[in-house]
Amino acid sequence: MKHYIGLDAHSASCTFVVVDENGNVTHRAIVKTSEASLLGFLSTLPGEKILTYEESHVSQWLYVLLNDKVDRLVVCNAVYLSKKQGPKTDYRDALHLAQELRGNFLKPVYHDESHWIQLRVLVNGYLDLVSEIVRAKNRLKAVFRSEAIDTGDYKFYSQKERISELSHEHGRFVAEKLFLQIEHLEHRKAEFKAVFQRNSKTYRQLKNLATIPGIDVIRANIIMAVVCMPHRFKNRYRFYAYCMLVRYIQISDGRIYGNKRIRARHDLKAVFMGAAESAIKVEESLKNYYESRRKNGVDVRGAKIAVARRIAAATLSILKNNGKFDELYHETKAERIKLRKTLNEVSI
């Protein structure tokens, strides 16, 4: 007998709803969010167990705990869940998950038990810290701009003496506190960077990624934290989609009526676009590729996205083959293809 189990998970309690192959509710329970309670409920179900729950702050902990206790586990993306009618309750949410699981309508979110998945905690903390720094800097600039004081100097955030340019004591007070906050956050950011540096000395994959133009130690750590297992991507085009470097064309009745951005990893898109910005300034082959795209009529953003795709392709290849960046890879590949075509024509 198959049990389709919907789990509505929260920090304090979890709600289970189990349906059979015909969609009839066979079990339901509210348990404490603890290892003993969760495993205790699952142990009462005989037969094949298929479990699902939504991606959340406890999803990785649940995955490690429950993955070996069920026959199949699906961590689903709530964005793609169909809407349900009626009031929202934990029971109805769990029931809806169970029914969607039974119909195979869920879109899974990748999870595993490797050490790379644990790197996500560090990376998420770093990205949150960077967001806090950006917000503090924007607030500081706003204080000065409210009095039409120029803040264009790139050293502005380290120039605390400029507080005296503000005419009102309240403005000076706020600016002083914001300067101190930014200074404190920048120190914390340096501590994160030190940990990233240690990781790069420990793991060969991070060292290899750092050979790619535009990919520094921090970007390498972010990529590994998100990608984890590169072989889950069938080809580079799937990886482009995951990195939000392509858009889907929308077609109806044979007519194209626009395109749509893919819901995927914004952090990877930011990494590869930033890498493209850096690479075209220092790396010859990528700079030439960027300029060739511009000569072919592609706008600035489109040309940078093309470079970002090339860096993403190199990233996936390096992670899959455990190699290093080869700046002549694309030229060599083009020559191999040309030679193969020539040999095929001669043999015919």
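T52 is buried, with a relative accessible area of 0%, where buried means under 20% relative accessible area, exposed over 50% and partly exposed in between, with a 1.4 Å probe and protein chains only. The model is predicted, so that local features need pLDDT of at least 70 and side-chain atom pairs count only at pLDDT 80 or more, while totals for chains, interfaces and linings use all residues. Residues are numbered from 1 along each chain as its sequence is written, and side-chain values use heavy atoms, with hydrogens and water left out.

**Overall architecture**

- The protein contains 12 helices and seven strands, these being DSSP runs numbered from the N terminus (H or I of at least four residues for helices, E of at least two for strands).
- The radius of gyration is 26 Å, well over the 20 Å that the globule rule gives for 348 residues, so the protein is more spread out than a compact globule; the radius is taken over C-alpha atoms, and the rule is 2.2 Å times the number of residues to the power 0.38.
- Taken along the principal axes, the box filled by the C-alpha atoms is roughly 85 × 65 × 50 Å.
- Of the 348 residues, 40% count as buried, and among contacts with a separation of 6 or more, 57% are accounted for by residues 24 or more positions apart, contact meaning heavy atoms within 4.5 Å.

**Surface and charge**

- The accessible surface comes to about 20,300 Å², of which 51% belongs to carbon and sulfur atoms; the areas come from the Shrake-Rupley method with a 1.4 Å probe, and for residues only the protein chains shown count as cover.
- There are 58 positive and 39 negative side chains, and the centres of the two sets lie 4 Å apart, with Lys and Arg counted as positive, Asp and Glu as negative, and His and the chain ends not counted; the place of a charge is taken as NZ of Lys, CZ of Arg, CG of Asp or CD of Glu.

- T52 lies in strand β4 (residues 48-54) and, not counting residues up to four places away in sequence, touches I5, G6, L7, V74, C76, L97, L101 and L106.
- D20, placed in the loop between β2 (13-19) and β3 (25-32), is buried with a relative accessible area of 13%.
- Leaving aside neighbours within four places in sequence, D20 is in contact with M1, K2, Y4, T26 and R102, whereas D20 and P213, 193 residues apart in sequence, are 53 Å apart in space, C-alpha to C-alpha.

**Helix α11 and I311**

- The 22 residues of α11 (residues 300-321) should span 32 Å at 1.5 Å a residue, and the end C-alpha atoms are 32 Å apart, which agrees; the expected span is 1.5 Å times one less than the number of residues.
- I311, found in α11, counts as buried at 1% relative accessibility, and its contacts beyond four places in sequence are I212, P213, I215, F272, A275, A276, A279 and L286.
- The C-alpha atoms of I311 and F272 are separated by 6.9 Å, although the two residues are 39 apart along the chain.

**Positive phi values**

- Most residues other than glycine have a negative phi.
- N322, which follows α11, has a positive phi near 55°.
- N104, in the loop between α3 (90-102) and α4 (115-145), has a positive phi near 60° and is exposed, with a relative accessible area of 60%.
- M244, in the loop between α8 (236-242) and β6 (247-252), also has a positive phi near 60°, but M244 counts as buried at 5% relative accessibility.
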